Amino acid sequence: MTLTVIMKSVMIMYAKVKSLGIFGLDSFGVTVECDISQGLPRFDVVGLPDTVVKESRERVRASIKNCHLDFPVSRITVNIAPADIKKEGSLYDLPVFIAILKASKQLNGDVGDFAFIGELSLDGEIRRVNGVLPMLLKAKESGIKSVFIPFDNMLEGSVLEGIEVLPVKNVFEVMKHISGAEKIIPCYNKEFIETQMEYGVDFCDVKGQTEAKRALEIAAAGGHNCIMVGPPGAGKSMLAKRIPTILPDMSFDEKLETTKIYSIAGAIPEGKAIIDNRPFRSPHHTVSAQALTGGGITIRPGEISLAHNGVMFMDEFPEFDRRCKESLRQPLEDGVVSISRTSGSVTYPSNIMMVAAMNPCPCGFYGHPTKQCKCTQAARKRYMDKVSGPVLDRIDIHIEVAPVEYDQLSCKNNEESSAEIKKRVDAAREIQKKRFKGTGVTCNAKMTPRMTKEFCVLTDDANSLLKMSFEKLGLSARAYDKILRMARTIADLDGSELIEINHIAEALQYRSLDRKYWNNEEN
């Protein structure tokens with residue numbers, strides 16, 4: 001009986017190591033267990049793995065053999081827990097590799113304080129994976145002391161302090177560090193916090209368009225969505241591409257949240273540790289609704305989420321598929337995108353400033369001072385009706401961009417630079433920052449109805465003008481709120497505590513184009 005007990009204890013070949021996983025924007029802890037037992041040679045991976053995780057069996061098997069290590073000729077069972085959450089991606093190759101070596105007694109040293117992330121090549125090299133930053137944040141939150149990550153993810157992993165991030169190129173470096181033979185220096189780089197990208201564009205390049213520049217300044221100061229209507233060549237795209245140059249600098253929390261999204265999407269630019277400037281996304285009008293909002297088999301973020309904390313520019317707005325345009329309703333209203341699939345529901349943040357641009361008709365020259373429109377009234381109406389009323393109502397500022405005259409284009413006078421406009425925007429945002437401190441709201445455009453009532457205090461003259469306009473123009477309740485928020489932003493730019501009549505008058509003029517182009521009987 002004693003001999004039997006001793007033999008059983010000798011035959012136990014079991015190990016477990018820590019790893020992490022991604023579902024949507026959230027990360028979760030993972031335990032990779034390996035059991036090696038007697039029986040016919042077999043290698044099973046369980047724990048609700050997807051196809052890529054199942055294929056790790058062949059990558060790990062080849063890596064062990066090509067690294068001149070012994071692959072156990074036994075029954076190998078690898079469990080990736082928790083078993084009720086689907087595991088996706090190639091990031092589990094490294095923890096499976098380590099678990100097998102540990103269970104087969106080929107690796108000395110304690111692995112309890114480590115977590116492992118990485119894809120293996122067939123010769124033992126460790127390749128980059130997506131989603132490293134959110135997984136490291138979860139590891140730090142869970143009290144894990146050290147995490148091995150692919151060397152190619154080093155910049156991404158260097159943004160965190162308070163946790164040892166160990167970048168490795170191959171499995172030999174991992175084994176040497178665990179055994180104590182050769183330690184890896186953890187990576188941490190705080191210089192990225194100070195870096196700022198130099199934009200290659202500036203508002204001083206834009207000749208004329210004073211009214212449009214003023215409207216975009218208000219949009220940037222309050223985080224308002226806007227749509228520009230004008231003929232081809234008037235400068236709509238040129239103006240839109242310069243909006244990020246006047247937006248306030250990102251806070252560290254905004255940088256970190258934006259980088260998490262780009263990390264999951266595998267879209268962090270090469271050579272960058274963190275997304276330190278506000279994103280500018282410009283999807284083509286042929287984009288699908290799924291690519292815009294996100295989704296797919298693995299539920300990846302779409303263009304709307306990749307523009308989080310930045311600008312999403314939609315040129316040729318009416319030409320976008322109707323489902324794409326209608327899918328903007330929730331993000332513009334709530335600041336999030338909810339995606340539901342059979343595998344679960346994911347919510348991605350989408351705190352964006354949406355900028356749309358369009359022509360006034362199919363040929364583009366309706367209302368042009370020198371060129372004649374060739375479109376019929378019915379063609380113009382069909383074109384404008386591609387943008388529905390509910391979507392248009394969610395866009396705060398409507399701008400008419402007129403063609404620039406020759407005298408303005410040839411003028412040698414210097415136009416106002418982005419830096420000068422940004423100073424005024426920053427001052428207005430600072431007022432809003434103090435106003436909304438502790439509420440989670442960042443700008444006037446995101447005010448709740450209760451906040452709108454509390455902070456949008458009008459003078460008697462301003463209130464009378466708004467009341468008269470509301471009744472005469474037939475404004476919706478949503479339009480009423482948006483006019484108040486715009487007026488609040490204009491007042492902030494003026495440094496005024498109360499909303500004056502001139503602030504309301506200017507805000508009202510940015511809600512008039514829908515009557516000119518959409519509700520005009522002559523159209």
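The exercises below, each with a worked solution, go through the pockets, cores and strands of a predicted model.

Residues are numbered from 1 along each chain as its sequence is written. Local features need pLDDT of at least 70, side-chain atom pairs count only at pLDDT 80 or more, totals for chains, interfaces and linings use all residues, and side-chain values use heavy atoms, with hydrogens and water left out.

**Exercise 1. The largest pocket**

Find the volume of the largest pocket and describe its lining.

Step 1. On a 1 Å grid over the protein atoms alone, a pocket is an open set of points with protein on both sides within 12 Å along at least five of seven lines; a cavity is a set of points where a 1.4 Å probe fits but cannot get out; lining residues have an atom within 4 Å of a point. Grid points are joined across faces, edges and corners, and a volume is the space filled by probe spheres set on the points.

Step 2. The largest pocket holds about 680 Å³ of space. Its lining has 28 residues, and the closest to the centre are Asp249, Glu254, Arg278, Arg429 and Thr442.

Step 3. Helix H10 (252-265) and helix H18 (418-435) are the elements that give two or more residues to this lining. H18 gives the most, with five residues. Helices (H or I, at least four residues) and strands (E, at least two) are DSSP runs, numbered from the N terminus.

Step 4. Sorted by class, the lining has seven nonpolar, ten polar and eleven charged residues. Here Ala, Val, Leu, Ile, Met, Phe, Trp, Tyr, Cys and Pro count as nonpolar, Asp, Glu, Lys and Arg as charged, and the others, Gly among them, as polar.

**Exercise 2. A residue of H10**

Is Thr259 buried or exposed?

Step 1. Buried means under 20% relative accessible area, exposed over 50%, and partly exposed in between (1.4 Å probe, protein chains only).

Step 2. Thr259 is found in helix H10. Its relative accessible area is 0%, so Thr259 is buried.

Step 3. Contact means heavy atoms within 4.5 Å. Leaving aside neighbours within four places in sequence, Thr259 is in contact with Leu133, Ile268, Ala273, Ile274 and Ile275.

**Exercise 3. The nonpolar cores**

Which residues have the most contacts inside the largest nonpolar core?

Step 1. A nonpolar core is a set of buried Ala, Val, Leu, Ile, Met, Phe, Trp, Tyr and Cys residues joined through side-chain atoms within 4.5 Å.

Step 2. The largest core has 106 residues, and those with the most contacts inside it are Phe97, Phe116, Phe148, Phe317 and Met354. Helix H4 (residues 93-103) gives the most to this core, with eight residues.

Step 3. Apart from this core lies another, of 51 residues, among them Phe203, Val206, Met228 and Ala428.

**Exercise 4. Strand pairing**

In which sense does E4 pair with E2, and in which with E3?

Step 1. Two strands pair if DSSP finds at least two bridges between them.

Step 2. Strand E2 (residues 26-37) and strand E4 (residues 75-81) pair in the antiparallel sense over seven bridges. Asp35 has Thr77 as its bridge partner in E4.

Step 3. Strand E3 (residues 42-46) and E4 pair in the parallel sense over five bridges. Val46 has Asn79 as its bridge partner in E4.

**Exercise 5. An open sheet**

What is the order of the five strands in the open sheet?

Step 1. The order is E11-E14-E17-E10-E18, with parallel pairing.

Step 2. Strand E11 (280-281) and strand E18 (397-400) are the edge strands, each pairing on one side only.
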